[in-house]
Amino acid sequence: MLRSSQPLTGPNRKRCREDEMLLGAVLDEGERGFIIDTRSAQAAKQARMTGGGTEPKSSYPQWKRLHRPLERGRPLQESFIKLVEACNDASINMDRWLSRLESSRWLSHVKAALSTACLAAQCMDREEASVLVHGAEGTDTTLLVTALAQVILDPSCRTLGGFQGLLEREWIEAGHPFHLRCARSAYSHARLKQEAPLFLLFLDCVWQLSRQFPFSLEFSERLLLTLFDNAYASAYGTFLCNNEKERRESTHSLWAWLNQPGEKKKYLNPLYSHNALVIWPSVEPQSIQLWQGLFFRWIRSSQYLDEAWAEIQRLLEGN
């Protein structure tokens, strides 16, 4: 699996011999690869006017381009805001609540992200093909797809340590602009152009995987909630700034704190059992559920759920 930003073909359809040679070197003679573009075909075509574009078929004959558009900017942020507002409105009845949930389109974004990640995983696992994923800059929906595909395919990415490594590699070192994307919460009246909850969408998708495969992920929902909290407000430097260059200042690492023996056990899934198989999630409407542990966390008490997990942990330790 490879990831990149869009090719800079521009309106004159410029070629880059080095790029062509690089992608050509990935495939042996007779092999084929897939380019998954997270923009619509129309958006990719329009990008030529500002210097971007797509890979011309004539220059990349062994690669087949697939467009799977994913929202990454203002529409995604607005969807997040609408969902949070609906969750906080205690005055609406069930029909009105379901209508507002649907109109927020948040679960549609979750489904689209999982579907695209499954496509990338299927190309690699079932077609045994190489896959290149990119959108525009390659630091938003690109990372969403590549990171999710690895959780689906690779059991090591479903361990606590492996998942931390995945986040470090696919989000932090790859340059997801956390400062710009997570500058405000859904409660802010500001509507900043660069805001978008891409990382939250990724965490939600991982939660969907953990719910559908409750024994296959070594970490619990508590870790995902902690990561969400630290992406928006943190005493640690792991999610600060927009790239590694800006993050050079010496700060304390979130991972160092999480991996302390006394802390680490709080984030483990007591039901975990190593699963070497690929986990294929269902994206049917009845399979995608609202992450109540996050969106209702300040409305509904988690006391009974926490007590249940503690009891499970106690019984497993007793055995």
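The accessible surface of the protein chain comes to about 16,500 Å², and carbon and sulfur atoms hold 51% of that area. Accessible areas come from the Shrake-Rupley method with a 1.4 Å probe, and for residues only the protein chains shown count as cover. The model is predicted: local features need pLDDT of at least 70, side-chain atom pairs count only at pLDDT 80 or more, and totals for chains, interfaces and linings use all residues. Residues are numbered from 1 along each chain as its sequence is written, and side-chain values use heavy atoms, with hydrogens and water left out.

Of the 319 residues of the protein chain, 46% count as buried. Buried means under 20% relative accessible area, exposed means over 50%, and partly exposed lies in between (1.4 Å probe, protein chains only).

The protein chain contains 14 helices and four strands. Helices (H or I, at least four residues) and strands (E, at least two) are DSSP runs, numbered from the N terminus. Along its principal axes, the C-alpha trace spans about 60 × 45 × 45 Å. Of the contacts with a separation of 6 or more, 80% join residues 24 or more positions apart; a contact means heavy atoms within 4.5 Å.

Side chains of opposite charge can pair when their charged atoms come close. The structure holds twelve salt bridges, where a salt bridge is a side-chain nitrogen of Lys or Arg within 4 Å of a carboxyl oxygen of Asp or Glu. The table gives some of them.

| Salt bridge | N to O distance |
|---|---|
| E20 and R17 | 4.0 Å |
| R72 and D140 | 3.3 Å |
| R297 and D229 | 2.9 Å |

E20 and R17 both lie in helix α1 (residues 17-26), three residues apart, about one turn of the helix. E20 is buried at 14% relative accessible area, while R17 is partly exposed at 49%.

R72 lies in the loop between β3 (63-67) and α3 (74-87) and D140 in the loop between β4 (130-134) and α6 (141-153), so this pair ties together parts 68 residues apart in sequence. R72 is partly exposed at 31%, and D140 is buried at 2%.

R297 lies in the loop between α13 and α14 (303-318) and D229 in helix α10 (residues 221-232), so this pair too ties together parts 68 residues apart in sequence. R297 is partly exposed at 26%, as is D229 at 29%. Salt bridges that share partners also join R72, E137, D140 and R181 into one network.
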